[in-house]
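This report describes how parts of one model are arranged. Look at the sequence and the structure first, then read on.

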Amino acid sequence: MAASSSTRVAVVTGSNKGIGFAVVRALCKHFVGDVYLTARNPDRGASAVTVLQSEGLNPLFHQLDITDMQSIRNIRDFLSSKYGGLDVLINNAGIAFKVADKTAFSIQAEVTLKTNFFGTRDVCNELLPLLKPQGRVVNVSSISGYSALQNCSKDLQQKFRSDTITEEELVTLMEKFVEDTKKGIYQKEGWPSTAYGVSKLGVTVLSRIQARNVSKERPADKVLINSCCPGWVRTDMAGPHAPKTPDEGAVTPVYLALLQPNACEPHGQFVCERKVHKW
């Protein structure tokens with residue numbers, strides 16, 4: 001049955017575990033509306049929903065694999081028909097190779113960017129047009145993206161800090177990084193030796209571009225788009241020695257998702273510990 005299009009709705013990608021799961025938990029407590037936990041694997045998603053139900057919370061589930069265009073379009077069509085749009089999107093899904101992984105760097109680059117940058121971009125391109133007035137988008141990035149920026153050549157830094165860089169130009173640069181790793185010339189071309197860092201650098205710059213575009217296209221709608229670093233969090237990805245719990249890691253993404261309806265900032269910013277970080 002179709003929900004009323006007045007029912008607010010939030011979607012969290014990659015949320016069957018880790019930070020995404022903690023974000024869903026917090027939104028179930030503080031967001032007025034339906035909250036969708038998503039995962040590539042429906043069984044893992046259902047298990048995660050069961051855990052939150054046992055805590056007295058009521059998340060809903062929808063399958064979503066951000067590397068699969070059909071999966072993205074399925075959730076787009078579902079949100080459009082059931083809710084007439086989307087109020088909150090938290091792009092949390094991401095991957096990272098372990099430091100000790102012996103996989104060739106060029107493969108690490110291609111695989112990491114495929115999910116973290118290109119997958120996130122695909123979700124945004126399909127779901128951002130659904131955003132309702134006062135919508136909120138949070139792209140979970142990382143301080144490692146800022147470190148990667150600082151370790152780029154001056155020429156690349158200038159491009160990534162530009163206030164006029166387009167999405168097409170950014171995509172070309174991200175594709176170039178992958179190609180340069182395959183050719184073995186990425187260091188000569190000014191790139192740092194971190195596929196994860198470059199992928200998150202891309203996410204932060206993408207967020208800045210999206211914010212600029214939405215302000216231009218929908219100036220009266222008070223849509224806010226930001227990227228953030230959740231901090232170093234104990235997850236399968238970051239390992240057992242990180243200082244933050246997933247619930248602590250969820251604080252900044254949730255803060256950005258729940259910015260007051262009349263807020264006009266932060267917007268187009270990279271946010272750490274609920275504070276705007278320089279870029």
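## Two helices side by side

Helices α3 and α4 are roughly parallel to each other, a label given to angles under 35 degrees. Their axes cross at roughly 30° and come within 10 Å; axes are lines fitted to C-alpha atoms, for helices over the stretch in contact, and angles run from 0 to 180 degrees between N-to-C directions. Helix α3 covers residues 69-83, and α4 covers residues 105-127. Helices (H or I, at least four residues) and strands (E, at least two) are DSSP runs, numbered from the N terminus.

In the contact (heavy atoms within 4.5 Å), Met69, Ile72 and Leu79 are among the residues of α3 that meet α4, where Val123 and Leu127 are among the partners.

## Basis of the model

This is a predicted model, in which local features need pLDDT of at least 70, side-chain atom pairs count only at pLDDT 80 or more, and totals for chains, interfaces and linings use all residues. Residues are numbered from 1 along each chain as its sequence is written, and side-chain values use heavy atoms, with hydrogens and water left out.

## The sheet

Eight strands form an open sheet with mixed pairing, in the order β3-β2-β1-β4-β5-β6-β7-β8. Two strands pair if DSSP finds at least two bridges between them. The edge strands, β3 (60-63) and β8 (275-277), each pair on one side only. Strands β7 and β8 run antiparallel and are joined by three bridges.

## Helices on the sheet

Helix α4 packs on the sheet and touches β4 and β5 (131-140). The direction of α4 makes about 175° with that of β4.

How values were computed
Angles under 35 degrees count as roughly parallel, over 145 as roughly antiparallel, 65 to 115 as roughly perpendicular and the rest as oblique.
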